[in-house]
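Have a look at the picture below, and then we will walk through it together.

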Amino acid sequence: EEGSVRAAMITNNEADIATGLAPEDLSGDAAVRYPNNETTALRSTGTYAPLDDIRVRQAINYAIDRESIVDSLFEGYADVASQLVPEGVVGHNPDLKAWPYDPEKAKSLIAEAKADGVPTGTKIRLISRNGLFPKVGETVEVVQKALEDIGLNVSIEMMDTAASVEYQSRPFPKNTGPYIILVQHGNQAGDAQFSVDQYMLSDGAQSTFGTPEFDAQIGAADKAEGDDRQAAFAGVFADEPEKVSQFAYIAHMTGIIGESDNVEYEPNSATGDEMRVTEMKPAK
């Protein structure tokens, strides 16, 4: 009967903060992993030197060892990301590969920018929110070291939610200087426009810059329908790293649900936001 269908969901963040245990420890043998549609990424400001130089932003991408972060810090409970939205969202580009880890290439880009007069030694603020996800502090420290290893000057600032939101969403604080913020974005709408308009348009609510040409490309994708819409947004995700490079995508995160043996339920990317009772059945 419907009343007997019960499932308990524990997110990675809640489990870690509440008990210090990993969510699968709380769920035991009932633990089921599912994609929770959250993508973790670094977002750079593009209005202050040295981050206003695309070579520096691309060097940041080359400096991040995504595989190591996913394997060591996230303990495999995530997938390396190549774009802002995960599989299952209209516009996701299945052909994109994650930015390669190449610290030597990163160093050469920084050296090239420095030779051209870019002040690569300017202090860059690396901002993140306390409790954003398990081991967020360790993740930020790994990123800081990676960026310092390629020749950048990076200082960590961990903030509470209220303070960090000011740096994540418009209107941004004035005279911040160059900063990178670790963000986590979830596309609950199932369509790339929900993500792209916020994070990639020049005046997007959570975007610090862009270009008129890229804005026009996004606008055309917003108006497309059907297969044309899928292809247009896939093109946006393919072009963003080369044309703008505002982001260094790290991982598509996953959640853990504890599912009773008495329940038949297949978690999906919407599960982190809602679990529909109509999709649950008593186990046979």
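In α5, the residues Ala 106, Leu 109, Ile 110 and Ala 113 are buried, where buried stands for under 20% relative accessible area, exposed for over 50% and partly exposed for what lies in between (1.4 Å probe, protein chains only). Viewed down the axis of α5, these buried residues fall within an arc of 95°, so they line one face of the helix; the arc is taken from the directions from the helix axis to the C-beta atoms. An α-helix has 3.6 residues a turn, so residues three or four places apart point the same way. Glu 104 and Ala 115 are exposed and sit on the face of α5 turned away from its buried side.

Before going on, please note that this is a predicted model, in which local features need pLDDT of at least 70 and side-chain atom pairs count only at pLDDT 80 or more, while totals for chains, interfaces and linings use all residues. Residues are numbered from 1 along each chain as its sequence is written, and side-chain values use heavy atoms, with hydrogens and water left out.

What do the buried residues of α5 pack against? Their partner is α3 (54–63), with contact meaning heavy atoms within 4.5 Å. Helices (H or I, at least four residues) and strands (E, at least two) are DSSP runs, numbered from the N terminus. The 13 residues of α5 (residues 103–115) should span 18 Å at 1.5 Å a residue, and the end C-alpha atoms are 18 Å apart, which agrees; the expected span is 1.5 Å times one less than the number of residues. After α5 comes Gly 117, with a positive phi near 95°.

## The nonpolar cores

A nonpolar core is a set of buried Ala, Val, Leu, Ile, Met, Phe, Trp, Tyr and Cys residues joined through side-chain atoms within 4.5 Å. The largest one here has 36 residues, and Leu 42, Phe 74, Leu 147 and Leu 152 have the most contacts inside it. At least two residues of this core come from each of α3, α4, α5, β4, α6, β6 and β7 (247–259). The largest share, 5 residues, is supplied by α3. Not counting residues up to four places away in sequence, Leu 152 touches Val 56, Ile 60, Ile 110, Thr 120, Ile 124 and Leu 147. Another core, of 27 residues, lies apart from it, with Ala 41, Ala 81, Ala 192 and Val 196 among them.

## Aromatic pairs

How many aromatic pairs does a search of the whole structure find? There are 5, counting rings of Phe, Tyr and Trp (its six-membered ring) whose centres lie within 6.5 Å; planes under 30 degrees apart are stacked, over 60 edge-to-face and the rest tilted. Two of them are shown here.

| Pair | Type | Centre to centre | Between the planes |
|---|---|---|---|
| Phe 74 and Phe 133 | edge-to-face | 5.3 Å | 85° |
| Phe 247 and Tyr 249 | stacked | 5.7 Å | 10° |

Phe 74, in the loop between α4 (66–73) and β3 (78–80), and Phe 133, in the loop between β4 (123–129) and α6 (136–149), are 59 residues apart, and their pair links distant parts of the chain. Phe 74 counts as buried because its relative accessibility is 7%.
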